[in-house]
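User: I'd like to learn how to read a structure like this one. Could you walk me through a few features?

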Amino acid sequence: MQSNTGDLPHTTFPDFPSRWQTQINSTLSEHEQIHAWLEIDLDNRLNFSSGLVVITAHRVLARMANDENWQEWLCREDMKLTCQDHAGVYSIELSDTHARLACWHCTLGRHQAVDQLISCFSRLIATHTVRPNTAAAESAGSKAPDDTSASMDNGERSSASDQEAITAPPSSWTLFRLWRFARPYRWQLFTGFMLMLGSTAAALVPPYLTMPLMDNVLIPYQNGHPIDVDQVTLYLSGLLAAAIVAWILGWARTYTLAKVSERIGADLRTTTYEHLLKLSQAYFGGKRTGDLMARIGAETDRINLFLSLNLLDFATDVLMITLTVVILVSIDPWLALVTLLPLPIIGWLIHLVRDRLRVGFEKTNRVWAEVNNVLADTLPGIRVVKAFAQEKREIERFRTVNRRNVEINDRVNKVWALFTPTVTLLTECGLLVVWIFGIWQVSQDHITVGVLTAFLAYISRFYLRLDSMSRIVSATQKAAAGTKRIFDILDHVSSVPEPVKPVYLPAMKGHIELHNVSFRYGTRWVIQNLDFTIESGEMIGLVGHSGSGKSTLINLICRFYDVTDGSILIDGVDVRTLPIAEYRKHIGLVLQEPFLFFGTIAENIAYGNPAASRKEIIAAARAAHAHEFILRLPYGYDSLVGERGQALSGGERQRISIARALLIDPRILILDEATSSVDTQTEQEIQSALDNLVSGRTTIAIAHRLSTLQEASRLVVLDHGRIVETGSHEELMARQGHYYQLYQSQSRSSNDENRSDTAEKTMDIRSNRV
């Protein structure tokens with residue numbers, strides 16, 4: 001066994017964690033090389049811990065930080081490594097056809113290393129290079145691992161997207177799934193096809209007319225015969241008519257099909273966006289904003305371009321080549337056979353580069369999504385970037401991912417740059433062979449010069465179209481990669497489905513019942529066996545340490561997630577049987593960090609009820625104590641709030657959020673830390689607004705400052721997802737239990753802060769006197 005860590009012969013990765021180098025090198029055999037590794041950060045109970053999973057050519061090794069020995073599984077062809085994510089936790093499973101062999105957990109920050117690990121394992125299994133007890137055979141191979149399986153820093157945000165596993169490379173057949181969007185326009189497509197057929201046929205007329213023009217006019221003229229003007233006029237008129245017809249039909253074809261493709265692209269974008277908004281909160285927890293934007297924006301644009309231009313050209317090329325072959329065979333079968341000689345070689349080349357381009361273009365799409373991710377992270381957080389003087393770091397981060405984008409594109413272009421000239425060379429060689437064989441045919445009086453001239457005209461068009469058709473391979477694989485990423489969204493089924501037989505409440509009262517409610521993220525139970533009732537119009541406060549399950553309970557009541565066990569009833573009806581949109585219309589949500597959309601103040605207040613009149617908007621603003629500061633703005637209610645409301649202070653944004661909730665007149669009101677991020681004076685103003693909002697509504701409040709919950713009729717104290725106490729403020733203080741300890745701890749912290757503020761003010765007074 002190798003135990004030397006001086007040169008680290010096994011761990012050749014520059015970013016391999018140093019704390020694991022000694023342990024892994026003492027475990028690997030002399031010539032055994034690491035192909036991929038993953039540093040995991042959660043244990044089996046989903047508590048933060050550290051561990052390592054390593055893949056070599058013939059086995060999988062794993063060890064947690066508190067384990068004494070390494071676990072080992074010899075690789076077999078019936079084994080597979082899979083990954084599932086649920087609410088921010090990855091579960092990586094190693095299994096065979098009989099059972100699950102092992103399971104590891106990590107956070108989504110490791111997603112790229114997870115994908116790379118699975119990709120590496122899949123490649124080893126697929127290529128049958130994993131065989132037990134063959135470590136010595138590895139010494140004949142390269143000492144350095146493949147760059148595509150090289151691991152990466154798990155904490156690095158700007159890692160290479162091309163290292164993401166492409167477990168199922170997009171097939172060109174994926175494009176046929178677009179038919180569901182093309183079907184409504186099938187008659188327009190049929191019309192476009194007929195126009196294409198007519199314009200292609202018209203374009204093939206001129207070469208055919210060159211035969212009588214050469215044989216009946218030009219060659220006889222060289223032999224001393226006079227030119228027949230009527231015959232020449234007829235042929236030239238035919239050439240002109242064919243050109244005009246081809247132009248008219250070509251214009252009509254292009255316009256019709258481009259119009260259809262634009263509508264298909266628009267429907268694809270709208271459907272994808274609509275489906276995306278219907279997915280549950282759990283889906284967005286594991287996705288990057290920039291990646292989703294790239295899919296709906298750039299990918300649909302690429303598909304639209306393919307449908308409007310590339311596919312049209314491809315169909316035209318196929319039709320032109322087919323009709324040309326028919327004409328060539330009808331003129332001279334042997335000469336036509338010589339013309340088709342390069343076709344098998346070109347077909348083999350297309351097959352050879354297609355898969356490489358397909359995988360390459362999906363990598364390109366992914367790395368471009370990473371570029372968008374950097375922008376989506378940095379631009380909304382520009383204040384934080386500047387506050388911590390991290391401009392250089394973010395520039396370097398962008399430069400790194402942009403450099404990776406260039407590298408991936410260079411690899412694709414390297415393949416494509418060789419393919420295109422090769423096809424051109426083959427077509428030129430084919431044309432040369434036709435010249436040689438055609439001259440011999442003329443010398444033997446098997447064909448006339450006119451026939452050879454027409455043949456050469458047709459062959460020029462044939463090879464031009466063949467060359468054009470070969471170039472579409474690139475556009476096809478780009479569109480296939482984009483289509484796959486679009487349908488990754490469309491195929492995703494929401495974990496919060498609409499009810500099959502919805503129940504409609506005529507008038508919601510706001511009576512809430514929780515029956516044995518439990519919920520888990522992955523394998524970690526966050527809420528367990530909650531049972532309590534909230535009466536209509538009652539205000540309760542949720543209290544507990546961070547992580548006790550307060551926000552999760554709110555998410556379940558709003559049905560952002562569905563309960564794992566138990567049920568939540570509204571007015572005696574299970575929320576899972578209510579239409580989601582109809583149900584949420586009765587819920588007013590005021591968050592700790594209110595989100596405002598770019599637009600005017602009036603538009604943001606009326607977001608939940610766009611049809612609200614200006615009078616109703618002003619009434620809601622007055623009730624939220626926002627009317628006064630709004631009137632002080634340059635344009636009043638028509639003032640722009642800026643990106644995410646950055647033109648307003650935190651307290652002003654919060655009051656706009658309260659006005660927004662008031663305007664929809666909800667039966668259930670949820671206040672999630674609504675005053676925790678503002679100063680005391682602003683909190684008092686917001687609290688006054690909340691008093692108007694709470695009146696007559698079923699209210700569930702979470703507050704950082706427990707003193708703000710004293711008006712609640714009941715307080716529910718949570719600890720590790722369970723209810724430990726219930727009662728009013730006075731009752732819970734008298735019991736001196738969990739709530740009493742929380743309240744006393746917060747009171748001491750508040751007193752310390754007050755004493756510190758008093759001391760600072762005293763020192764300022766003394767300083768001013770001096």
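Analyst: Let's take strands, then helices, then aromatic rings.

Analyst: Some ground rules: this is a predicted model, in which local features need pLDDT of at least 70 and side-chain atom pairs count only at pLDDT 80 or more, while totals for chains, interfaces and linings use all residues. Residues are numbered from 1 along each chain as its sequence is written, and side-chain values use heavy atoms, with hydrogens and water left out.

User: Fine. How do I read strand pairing, and in what order do the strands of the open sheet lie?

Analyst: Helices (H or I, at least four residues) and strands (E, at least two) are DSSP runs, numbered from the N terminus. Two strands pair if DSSP finds at least two bridges between them. Here, 4 strands make an open sheet in the order β9-β8-β11-β12, with antiparallel pairing. Its edges are β9 (524-534) and β12 (573-574), each of which pairs on one side only. Strand β8 (residues 512-521) is joined to β9 by 7 bridges, and L514 has F532 in β9 as its bridge partner.

User: What about the hairpin of β1 and β2: which residue takes a positive phi there?

Analyst: That's L46, with a phi near 65 degrees, in a hairpin that has 5 residues between the strands. Strands β1 (residues 34-42) and β2 (residues 48-56) run antiparallel and share 7 bridges; E39 is partnered with L52 in β2. Next, β2 goes on to pair with β3 (residues 59-64), antiparallel again, over 5 bridges. A hairpin of 2 residues links β2 to β3, and G51 sits opposite M64 in β3.

User: On to helices. Is T200 buried or exposed?

Analyst: The scale is relative accessible area: buried is under 20%, exposed is over 50%, and partly exposed is in between (1.4 Å probe, protein chains only). T200 has 2% relative accessibility, so T200 is buried. This residue belongs to helix α4 (residues 186-203). For its neighbours, contact means heavy atoms within 4.5 Å. Leaving out residues up to four places away in sequence, T200 touches T316, L319, M320 and L323. The T200 side chain also reaches the backbone oxygen of M196 at 2.7 Å.

User: And how can I tell that a helix has a buried face? Which residues of α17 are buried?

Analyst: The general idea is that an α-helix has 3.6 residues a turn, so residues three or four places apart point the same way. In α17 (residues 614-623), the buried ones are I617, A620 and A621. They line one face of α17, because they fall within an arc of 100 degrees seen down its axis (the arc is that of the directions from the helix axis to the C-beta atoms). K615 and R622, on the other side of α17, are exposed. The cover over the buried residues includes α16 (601-605), α18 (627-631) and α19 (650-663).

User: Last one: how many aromatic pairs are there?

Analyst: Rings of Phe, Tyr and Trp (its six-membered ring) pair if their centres lie within 6.5 Å; planes under 30 degrees apart are stacked, over 60 edge-to-face, and the rest tilted. By this rule there are 7 aromatic pairs. One of them, W187 with F190, is edge-to-face, at 6.4 Å centre to centre and 85 degrees between the planes. These two are 3 residues apart in α4, or about one helical turn. W187 is exposed at 62%, while F190 is partly exposed at 46%. F597 and Y607, by contrast, are stacked, because their ring centres lie 4.5 Å apart with planes at 20 degrees.

Methods
Polar contact = N/O pair within 3.5 Å; in protein donor to acceptor, adjacent residues only side chain to side chain.
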